[in-house]
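Thanks for coming. I have one structure to go through today, and I will take it piece by piece. Here it is.

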Amino acid sequence: MSEKTHWLNFVAGEWLDAERHIEVEDPSSGKVFASIACASDTDIDAAMVAARACVNKGELTRHRPLERAALLRRIARELEQMVEQGGALLARENGKSLADAQEEFAIAARYFDYYAGMADKIEGTSIPLGEDYVDFTYYEPMGVSVQIVPWNFPVDICARSLAPALAAGCAVVVKSPENTPLAITMIATACQRAGLPEGALSILCGYGHETGAALVAHREVDQIVFTGSVPTGQAILRAAADRATPCVMELGGKSAAVVFADADLDNLMDSVRWGIFFNGGQVCSAMSRMLVQRDIYDQVLARVITFAEKMGSDSVNFTPLISAQQQQRVLDMCERANQDGARLLTGGKAQIGDGYYVAPTVFADVAPGTELFCQEVFGPVLAITPFDSEEEAYALANATEYGLVAGVFTRDLGRAMRASRALQAGQVFVNEWYAGGIETPFGGIGLSGFGREKGQQALYSYVRTKNVAIRVPKA
Ligand code: NAD
């Protein structure tokens with residue numbers, strides 16, 4: 001890995017240092033190993049003004065869209081070259097496994113390829129109004145898109161919003177997460193090498209309440225794309241109200257897997273591994289609740305305990321949480337779950353060592369209405385609750401204010417279809433948690449937010465419709 005210890009902000013084609021720096025820790029040891037410039041007000045303004053100039057000059061839109069598609073493909077090729085080096089850097093700052101970090105760069109490249117395929121297919125419609133009129137619509141880019149990225153998948157989530165925004169012809173100012181701001185800068189390097197016009201992208205690091213708040217309130221902002229926690233999303237929505245700025249909000253979740261007695265339990269355990277123990281459970285769409293039909297309740301508990309304990313001794317895939325603060329938050333929630341009467345089956349404690357590890361944790365008999373049942377933990381903590389009837393299962397699954405994803409495990413196709421209608425969430429997984437991919441639209445309802453990322457639908461988050469109605473002059 002590179003010996004570099006200080007990183008810079010990317011401001012409209014220039015790499016700039018700042019007076020203040022932000023320190024970056026290695027979560028597996030708790031030791032600071034690098035720093036990054038903390039964007040100044042001047043940097044924020046320069047990035048936004050350059051983005052506006054890029055939009056006004058049509059830097060991304062004045063040529064044929066196929067050239068934008070080619071540009072996105074070049075960015076994808078650059079990112080593919082970075083898988084090894086970028087993955088190592090991301091693993092170090094985030095604590096995730098090397099394989100998972102490398103996969104994030106591969107996924108980022110895939111986003112650019114996917115939306116390159118759409119850049120020249122953003123077509124309007126023609127609307128018949130009789131022979132005296134010609135009427136058509138076309139899509140214009142939203143303009144200057146401010147994108148605020150969280151620390152759990154910084155490279156993946158940055159690419160997820162940046163690629164469709166550039167495909168649509170927007171200029172983008174990214175606010176990188178202060179905990180993991182390093183690997184994401186490589187996306188700027190990839191864009192620069194691929195020939196993205198200056199001004200079309202800036203990536204600034206800074207604290208949320210300073211840099212993030214300044215960007216969303218900036219006079220040049222045309223759109224806000226936010227991925228993060230509910231309270232921050234709500235603060236941003238309040239700020240957005242001042243300028244009636246359109247937002248895409250990807251917030252948290254407390255998603256449930258409904259497991260019926262006829263489920264394939266080997267298959268279920270694979271979903272437990274990815275659903276709640278991947279990335280230390282720090283996944284917005286984690287399978288943080290499991291509702292299990294009473295007939296197989298004890299059997300499932302036994303298998304989950306064995307699996308969680310095995311995971312806790314897996315030296316590669318058992319990874320730390322992002323920070324001491326996050327570790328303490330998770331442990332406090334475990335403590336309160338105990339007080340609320342949930343039955344701790346395994347974990348619930350910090351793992352020995354200086355890093356921010358929490359043992360894979362499983363609670364059974366988690367009662368509806370309690371904090372662990374209703375609130376996002378953002379850690380490796382699975383809350384299990386029994387149910388008897390199908391109707392009860394869906395009512396329990398829907399009994400939170402979130403609605404990001406949900407899952408059902410059954411061999412009965414009719415029941416799977418009933419579940420997919422009954423479960424209130426933006427995505428429903430049948431027999432495999434995280435089934436789908438970058439091609440499938442993702443986003444929530446309720447407190448999980450609104451708007452969709454991924455898939456073809458996401459591209460339309462980055463454009464607005466203009467209608468042109470022409471009165472044809474009489475002969
Ligand atoms: P967070 O809300 O604390 O921070 C997210 C980003 O917002 C960071 O870059 C932060 O600096 C910035 N920010 C903070 N305050 C701000 C403000 N006032 N104005 C503008 N920006 C501000 O969230 P986090 O702790 O980084 O991430 C964890 C949360 O994100 C979890 O709740 C998780 O569910 C959610 N998340 C959702 C998705 C999704 O796609 N739905 C994906 C990943 C994470």
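The side chains of Arg 415 and Thr 410 are joined by a polar contact of 3.4 Å. Bear in mind throughout that this is a predicted model. Arg 415 sits in helix α14, which covers residues 413-422. Is this arginine, Arg 415, buried or exposed? Its relative accessibility is 15%, and the cut-off for buried is under 20%, so Arg 415 counts as buried. If we set aside the neighbours within four places in sequence, Arg 415 is in contact with Phe 260, Asp 262, Glu 390, Tyr 394 and, again, Thr 410.

Next, an asparagine. Asn 279 is found in the loop that runs between α9 (265-276) and β13 (289-293). With a relative accessible area of 3%, Asn 279 is buried as well. Which residues does Asn 279 contact, leaving aside its neighbours within four places in sequence? They are Asn 94, Lys 96, Asn 152, Phe 153 and Thr 319. With one of them, Lys 96, there is a polar contact between side chains, at 3.4 Å. For a sense of distance, take Arg 73, which is 206 residues away from Asn 279 along the chain. The C-alpha atoms of these two, Asn 279 and Arg 73, are separated by 29 Å.

Another loop residue is Ser 255, placed between β11 (247-250) and β12 (256-259). Ser 255 has 2% relative accessibility and therefore counts as buried. Not counting residues up to four places away in sequence, Ser 255 touches Ala 286, Met 287, Ser 288 and Arg 289, along with Leu 404, Val 405 and Trp 433.

Last, a pair of helices. Two packed helices are described by the angle between their axes and the distance between the axes. For α4 (residues 98-119) and α5 (residues 154-168), the angle is about 10 degrees and the axes are 8 Å apart. Angles under 35 degrees count as roughly parallel, so that is how α4 and α5 are described. Their crossing is right-handed.

What does each helix bring to the contact of α4 with α5? On the α4 side there are Glu 104, Phe 105, Ile 107, Ala 108, Tyr 111, Phe 112, Tyr 115 and Ala 119. These meet a set in α5 that includes Pro 154, Val 155, Asp 156, Arg 160, Leu 162 and Leu 166. By type, the residues of this contact divide into 15 nonpolar and 3 charged, with no polar ones.

That is what I have; questions are welcome.

Terms used:
Residues are numbered from 1 along each chain as its sequence is written. This is a predicted model: local features need pLDDT of at least 70, side-chain atom pairs count only at pLDDT 80 or more; totals for chains, interfaces and linings use all residues. Side-chain values use heavy atoms; hydrogens and water are left out. Axes are lines fitted to C-alpha atoms, for helices over the stretch in contact, and angles run from 0 to 180 degrees between N-to-C directions. Helices (H or I, at least four residues) and strands (E, at least two) are DSSP runs, numbered from the N terminus. Angles under 35 degrees count as roughly parallel, over 145 as roughly antiparallel, 65 to 115 as roughly perpendicular and the rest as oblique. A crossing is left-handed if the near helix is turned anticlockwise from the far one by less than a right angle, and right-handed if clockwise. Contact means heavy atoms within 4.5 Å. Ala, Val, Leu, Ile, Met, Phe, Trp, Tyr, Cys and Pro count as nonpolar, Asp, Glu, Lys and Arg as charged, and the others, Gly among them, as polar. Buried means under 20% relative accessible area, exposed over 50%, partly exposed in between (1.4 Å probe, protein chains only). A polar contact is a pair of N or O atoms within 3.5 Å; within protein, one must be able to donate a hydrogen and the other to accept it, and residues adjacent in sequence count only if both atoms are side-chain atoms.
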